[in-house]
Amino acid sequence: MVIIDSAKCIGCGQCAPDCFNHNLKPVGGKMTVKRACMECGHCIAICPTEAISLDDYPAQPLYPYDPAAMQIAPENLLRFIQFRRSCRRFVDRKVERSKLALMLEAGRFTATGANLQDVSFSVIQDSLPQFKALCWESLHHVTAAAARGELAATDPTASNYARLWQRSYEKYQLDPANPENDAMFFNAPAVIVVKGRFAQHAELVASNVELMAYTQGLACLFTGFVRRSVLYGSKVQDFLGMDGKEFVLCMLVGYPAQTYRRTVPRKALQADWL
Ligand SMILES: Cc1cc2nc3c(=O)[nH]c(=O)nc-3n(C[C@H](O)[C@H](O)[C@H](O)COP(=O)(O)O)c2cc1C
């Protein structure tokens with residue numbers, strides 16, 4: 001709930017036109033809150049006297065406007081995005097918790113519809129061997145059904161992968177500890193599972209989480225194979241403490257074993273300028 005400290009409020013009214021819900025109105029020279037809202041915080045961000053707060057959020061720093069602290073040249077950001085490559089070769093090095101935490105922080109501040117903030121994370125590093133084993137068994141469990149086209153209603157491309165899953169599982173089984181045999185986790189030291197009540201929320205969050213990885217010298221792989229092993233495996237879901245209703249995205253995280261020399265071609269831009 002938005003709270004206005006009437007001792008600090010100077011009644012300037014700057015918050016009112018920025019409130020999407022039209023939830024703020026002046027009464028007796030002070031701003032007041034009409035009702036509960038989606039708590040976007042625009043009023044907090046715009047208030048010149050720091051008179052506005054949210055009463056049900058944990059204590060956390062609010063940073064003042066400082067253009068120098070947010071300077072990113074557009075052409076640099078574009079080059080950064082163009083240079084980002086999916087990583088399937090990782091060096092044998094753990095990811096520092098502080099770096100993973102910064103990635104999650106980028107996720108936490110990602111916009112969600114109606115400001116639901118429904119997205120949560122599982123960060124798997126110390127228990128990766130158990131997680132991997134559960135994922136492989138889960139994917140293997142649905143491989144035959146995928147091959148028969150039985151997953152098509154909810155997973156139209158699963159049948160395309162069934163043979164690859166079967167071959168990969170057989171190779172993995174030869175020596176699960178050998179990263180060369182692991183076509184699902186590729187020797188990545190960490191996995192982040194992004195879980196949301198709504199697909200687009202989890203997707204937007206995951207994108208920012210990934211971006212923050214690359215700013216720190218890390219690299220990622222969004223993985224539909226691990227995602228399916230979570231979706232199709234009740235043991236994997238139990239491991240992650242899920243209730244089975246979440247939309248899920250999974251990404252491998254680690255230090256890349258390769259450096260790329262240049263960007264790659266992409267199809268022509270498809271855009272209608274209407
Ligand atoms: C949602 C999503 C799921 C993906 N799943 C897998 C996967 O299961 N295994 C894999 O090797 N790559 C996976 N990829 C990586 C894509 O193959 C990769 O993005 C594509 O080849 C383009 O390469 P780039 O990301 O380096 O530009 C996935 C990518 C996305 C965005």
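This is a predicted model: local features need pLDDT of at least 70, side-chain atom pairs count only at pLDDT 80 or more; totals for chains, interfaces and linings use all residues.

Guide: A place to start is β7 and β8 (residues 247-254), which pair in the antiparallel sense over four bridges.

Visitor: Which residue is the bridge partner of Phe-222 in β8?

Guide: Met-251 is the bridge partner of Phe-222. Met-251 is also the bridge partner of Ile-192.

Visitor: How many bridges join β6 to β8?

Guide: Seven, and the two strands run antiparallel. On β5, five bridges join that strand to β6, again antiparallel. There, Phe-121 stands opposite Val-194 in β6.

Visitor: What is the order of the strands, then?

Guide: The order is β5-β6-β8-β7, in an open sheet of four strands with antiparallel pairing. The edge strands are β5 (120-124) and β7 (219-222), each pairing on one side only. Neighbouring strands are turned by 25° against each other on average, direction ignored.

Visitor: New topic. Which helix packs on the sheet?

Guide: Helix α7 (residues 224-231) does, touching β6 (190-196) and β8. The direction of α7 makes about 135° with that of β8.

Visitor: Back to β6. Are its residues buried or exposed?

Guide: Seven of the seven residues of β6 are buried, so the strand is largely enclosed by the rest of the structure.

Visitor: Which residues are on each side?

Guide: In a regular strand, side chains alternate between the two faces of the sheet. In β6, Ala-190, Ile-192, Val-194 and Gly-196 lie on one side, and Val-191, Val-193 and Lys-195 on the other. Both faces are covered.

How values were computed
Residues are numbered from 1 along each chain as its sequence is written. Two strands pair if DSSP finds at least two bridges between them. Axes are lines fitted to C-alpha atoms, for helices over the stretch in contact, and angles run from 0 to 180 degrees between N-to-C directions. Two residues are in contact if their C-beta atoms, placed from the backbone, lie within 7 Å. A residue is buried if 20 or more other C-beta atoms lie within 10 Å of its own, exposed if 12 or fewer, and partly exposed in between; C-beta atoms are placed from the backbone.
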